[in-house]
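Hi,

Here is the structure I promised to pass on. Have a look at it first, and then read on for what turned up.

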Amino acid sequence: MLASDGQYVRVQIRTDADIVGARQKAREMATALGFSEMELAVVATAISEVARNIVLYAKEGDIEFQPVENGAAAGLLVVASDSGPGIKDPEMALKDGYSSGSGLGLGLPGARRLMDEFDLETGTGGTTIRMTKWSR
């Protein structure tokens, strides 16, 4: 489901279909901002990784998209949040190969590498990831 307020878009994440919807909405917004095909693929991949974590570990959450500017540069701010159990060891979760489940442990570190800015806040009340990609 989508909630849209001008240039702000929120996608509820509960199922794999919601992950696809979030990727599509991000691509639409990033295209309007002038992102290249490569940048679009990077953003979609990073969103897939954080959205998949929401479905697997928190069961539900939201991903919000908003255009941002930094001087002449256009960017896309992505905020993924949930009210799940939180990440027990955030430092380890950001290392390649670490997984608390059955995955390859590439999701969060991969998303962090793909985006230009990445911030993770987590605790027993949930997790919030803020990441930004700037158009080149």
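Strand β2 (residues 8–13) runs antiparallel to strand β3 (residues 61–70), and 5 bridges join them. Strands count as paired here if DSSP finds at least two bridges between them. β3 and β4 make a hairpin with 2 residues between them, and G71 in the turn has a positive phi of about 70 degrees.

Some ground rules: this is a predicted model, where local features need pLDDT of at least 70 and side-chain atom pairs count only at pLDDT 80 or more, while totals for chains, interfaces and linings use all residues. Residues are numbered from 1 along each chain as its sequence is written, and side-chain values use heavy atoms, with hydrogens and water left out.

Stepping back, the chain has 4 helices and 6 strands, in the order β-β-α-α-β-β-α-α-β-β along the sequence. Those are DSSP runs numbered from the N terminus: helices are H or I with at least four residues, strands are E with at least two. Of the 136 residues, 43% count as buried (buried is under 20% relative accessible area, exposed is over 50%, partly exposed is in between, with a 1.4 Å probe and protein chains only). Among contacts between residues at least 6 apart in sequence, 56% join residues at least 24 apart; a contact means heavy atoms within 4.5 Å.

Helix α4 (residues 107–114) is worth a click. G107, L108, P109, G110 and A111 are buried there, and the buried residues of α4 pack against α2 (37–58), α3 (90–93), β5 (117–123) and β6 (126–134).

Now the charges. A search of the whole structure finds 7 salt bridges, meaning a side-chain nitrogen of Lys or Arg within 4 Å of a carboxyl oxygen of Asp or Glu. Among them:

- R10 and D62 meet at 3.4 Å, N to O. This pair links distant parts of the chain, with R10 in β2 and D62 in β3, 52 residues apart. R10 is partly exposed at 23% relative accessibility, and D62 is partly exposed at 21%.
- E37 and R27 meet at 3.5 Å, N to O, joining helix α2 to helix α1 across 10 residues. E37 counts as exposed at 58%.
- D116 and R136 meet at 2.6 Å, N to O. D116 is in the loop between α4 and β5 and R136 in the segment after β6, so the pair ties together parts 20 residues apart in sequence. D116, K133 and R136 are linked in a network of salt bridges.

Which charged residues are buried yet have no salt bridge? Two turned up, D82 and D18. For D82, the nearest side chain of opposite charge is K59, 11 Å away; for D18 it is R14, 6.1 Å away. (Lys and Arg count as positive, Asp and Glu as negative; His and the chain ends are not counted.)

D82 lies in strand β4 (residues 73–82), and a polar atom of the D82 side chain lies 2.8 Å from the backbone nitrogen of G84. Leaving out residues up to four places away in sequence, D82 touches I54, A58, E60, G61, G125, G126 and T127. D18 sits in helix α1 (residues 16–32), and the D18 side chain reaches the backbone nitrogen of R14 at 2.7 Å.

Cheers

Methods
Polar contact = N/O pair within 3.5 Å; in protein donor to acceptor, adjacent residues only side chain to side chain.
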